[in-house]
Structures are given as C-alpha cells and as structure tokens.
Amino acid sequence: MAQNLTKTEKKRLLLLSTVALIIVALFVIFSPFGILRYTRLQNDLQNITVDNSRLQNEIKGLQEEINRLTNDPSYIEKVAREQYGLIKENEILFDFKKQKIKQ
C-alpha cells in the first residue's frame with residue numbers, strides 16, 4: 001500500500017504518524033493515569049510505609065511502657081523519682097545540678 005503513495009503522501013503519512021506518536025507519548029506521561037502520577041504514588045506509598053513502620057514501633061514501645069507501669073512497682077518508683085522528684089519518707093534529696101551563673 002505504501003508503495004502506491006506519492007512522495008507528498010508519504011511525507012504527510014510520516015508527519016501524521018509522528019504527531020500521533022507524540023500525542024500518545026504525552027498522554028502516557030502526563031495523563032491522570034500516566035507515568036508521572038504513578039511515580040508520585042509510588043513515592044507516597046514508600047513514605048507511608050516507612051511512617052507506618054515507625055508508628056508501629058512507637059506503639060509497641062508505648063504498650064511495653066504501659067505494661068511496666070501497670071505491673072512493675074520498681075519501675076513505677078523509678079519513674080516517680082526521676083520524672084516527678086518524689087522521695088520516700090525520711091529521705092533527703094540532694095540536687096547537684098549546675099546552676100547557670102549570670103554575669
């Protein structure tokens with residue numbers, strides 16, 4: 001079929017094919033279902049997966065903390081002393097923290 005075409009018709013057919021190919025390529029790249037959107041979604045998925053893993057580890061740590069606070073009296077005492085400055089009866093607290101000198 002292409003052998004029966006004139007030189008001008010062949011050029012038009014080549015030009016039309018090239019334009020059609022460019023349009024299809026642009027659609028594949030930039031369409032809502034294109035490569036750029038797919039790449040962005042892949043990056044989002046990877047970031048969400050990393051966040052999810054980090055949050056699961058944080059949840060596990062918090063669950064262990066809850067377990068220790070509900071079941072371990074020595075840990076409760078440690079937390080009360082360190083975070084809240086509580087002391088036992090007849091104890092004396094010495095605070096050796098360095099004070100900033102104002103000049």
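Predicted model: local features only at pLDDT ≥ 70, side-chain atom pairs only at ≥ 80, totals over all residues.
**Entry 1. Confidence**

Residues are numbered from 1 along each chain as its sequence is written, and side-chain values use heavy atoms, with hydrogens and water left out.

I then read the confidence by element: helix H2 (residues 35-71) has the highest mean, 96, and helix H3 (residues 73-84) the lowest, 90. Helices here are DSSP runs of H or I with at least four residues, strands are runs of E with at least two, and both are numbered from the N terminus.

**Entry 2. Nonpolar patch**

Which residues form a nonpolar patch on the surface? I listed Ile 22, Val 24, Leu 26, Phe 27, Val 28, Ile 29, Phe 30, Ile 35 and Leu 36, which together have about 840 Å² of accessible area. Accessible areas come from the Shrake-Rupley method with a 1.4 Å probe, and for residues only the protein chains shown count as cover. A patch takes residues with over 30% relative accessible area and no salt bridge, joining nonpolar side chains (Val, Leu, Ile, Met, Phe, Trp, Tyr) within 5 Å and like charges within 9 Å.

Helix H1 (7-30) and H2 each supply at least two residues of the patch, and H1 gives the most, with seven. I checked Leu 36, which is in helix H2; its relative accessibility is 36%, so it counts as partly exposed. The classes are buried under 20% relative accessible area, exposed over 50% and partly exposed in between (1.4 Å probe, protein chains only).

**Entry 3. Salt bridges**

How many salt bridges does the structure hold? I found four, a salt bridge being a side-chain nitrogen of Lys or Arg within 4 Å of a carboxyl oxygen of Asp or Glu.

One of them joins the side chains of Arg 54 and Glu 58, at 3.6 Å from N to O. The two are separated by about one helical turn because they are four residues apart in helix H2. Arg 54 is partly exposed at 46%, and Glu 58 is partly exposed at 43%.

I turned next to Arg 81, which forms a salt bridge with Glu 77, the closest N and O atoms being 3.0 Å apart. Both lie in helix H3, four residues and about one turn apart. Arg 81 also forms a salt bridge with Glu 91, again with 3.0 Å between the closest N and O atoms. Arg 81 lies in helix H3 and Glu 91 in the segment after H3, so this pair ties together parts that are ten residues apart in sequence. Salt bridges that share partners join Glu 77, Arg 81, Lys 88 and Glu 91 into one network.

**Entry 4. Backbone at Asn 90**

Where is Asn 90 found? I located Asn 90 in the segment after H3. Asn 90 has a positive phi of about 70 degrees, although it is not a glycine. Most residues other than glycine have a negative phi. Asn 90 counts as exposed because its relative accessibility is 78%.

Notes. pLDDT = per-residue confidence, 0-100.
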